[in-house]
Amino acid sequence: RDTWQILIRSTSDIEEAPKAIYQQTFTESQGDFTIFNTTIPTELTNVWSWASANLGMKATAYAAASHTNVAAESWLISPSIDLTKVTTATLSVDQALNYLRGNTLSNFTQVLISTGYQSGDPAAATWAPLVFSQYPAGNNWDFVTGTASLNTYKGKKIRIAFHYKSTSACAPTWEVKNFTVE
């Protein structure tokens, strides 16, 4: 009467919850992602850095000491993710973006995928942009969760990169957390 019970008629009544193929929350560090600075001016010590448990990884080319934006380019790159044994795959990531100042998002921030990148300069590899269900507004700190299909890449090993660029006119701040491939 006051004891809950579950009735399972057959094993087909049970659905297995999807398991993450790869997950990185960025709550403690950059994890096993690597950072590659293509262009980093002397005003900055880094572009990508771990911000905090609530904010995850952060990219910015705002030089606080001089209160100026500087031109920079930097990559935050995942380790190799194995999709060789999956039938479907989706990337989910929380992103926030501020100080875009009406500029085009893809000119400053892109999430890219590669099947050929191993290490070294990512600009030497072939990358394709991923299309997300939702993008950050660019003018606030609100995180949005966007998903992107990785089905085109099933049967392959991939790497995903967060590619950041800035200019002296625009150096947005990009925050990334809760990266999951299912």
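In which sense do strand β8 and β13 pair, and over how many bridges?

Author: Strand β8, residues 81-82, pairs with β13 in the antiparallel sense, over 2 bridges. The model is a predicted one, and what follows should be read with that in mind. Within this pairing, Ile81 stands opposite Ile158 in β13.

Strand β13 itself covers residues 157-166. Of its 10 residues, 8 are buried, so the strand is mostly covered. Strand β7, residues 72-77, pairs with β13 in the antiparallel sense over 6 bridges. In that pairing, Ser74 has Tyr164 of β13 as its bridge partner. Strand β10, residues 109-114, is also joined to β13 by 6 bridges, and the two run antiparallel. Here Gln110 stands opposite His163 of β13. In a regular strand, side chains alternate between the two faces of the sheet.

Leaving aside residues up to four places away in sequence, Ser166 touches Ala61, Val70, Ala71, Ala72, Phe108 and Ala171. With Val70 there is also a polar approach: a polar atom of the Ser166 side chain lies 2.6 Å from the backbone oxygen of Val70. Thr126 is 40 residues from Ser166 along the chain, and the C-alpha atoms of these two are separated by 21 Å.

At a relative accessible area of 1%, Ser78 is buried, because the limit for buried is under 20%. Not counting residues up to four places away in sequence, Ser78 touches Phe33, Arg159, Ile160 and Phe179.

Elsewhere in the chain, another antiparallel pairing is found between strand β3, residues 48-52, and strand β4, residues 56-59, joined by 4 bridges. Ser49 stands opposite Lys58 in β4. The two strands form a hairpin, with 3 residues between them.

Ile6 has a relative accessibility of 77%, and it counts as exposed because exposed means over 50%. Together with Ile8 and Ile14, Ile6 makes a nonpolar surface patch of about 340 Å².

Finally, the whole chain gives these parts their setting. The secondary structure of the protein chain comes to 0 helices and 14 strands. Its C-alpha trace spans about 70 × 40 × 30 Å along the principal axes. Of its 182 residues, 39% count as buried. Among contacts between residues at least 6 apart in sequence, 77% join residues at least 24 apart. The accessible surface of the chain comes to about 10400 Å², and 48% of this belongs to carbon and sulfur atoms.

Notes. Residues numbered from 1 in each chain as written. Predicted model: local features only at pLDDT ≥ 70, side-chain atom pairs only at ≥ 80, totals over all residues. Heavy atoms only, no water. Buried < 20%, exposed > 50% of the residue type's maximum accessible area, 1.4 Å probe, protein only. Pairing = 2+ DSSP bridges. Contact = heavy atoms within 4.5 Å. Polar contact = N/O pair within 3.5 Å; in protein donor to acceptor, adjacent residues only side chain to side chain. Patch = residues over 30% accessible without salt bridge, like charges linked within 9 Å, V, L, I, M, F, W, Y side chains within 5 Å. Areas by Shrake-Rupley, 256 points an atom, 1.4 Å probe, with all protein chains shown as cover. Salt bridge = Lys/Arg side-chain N within 4 Å of Asp/Glu carboxyl O.
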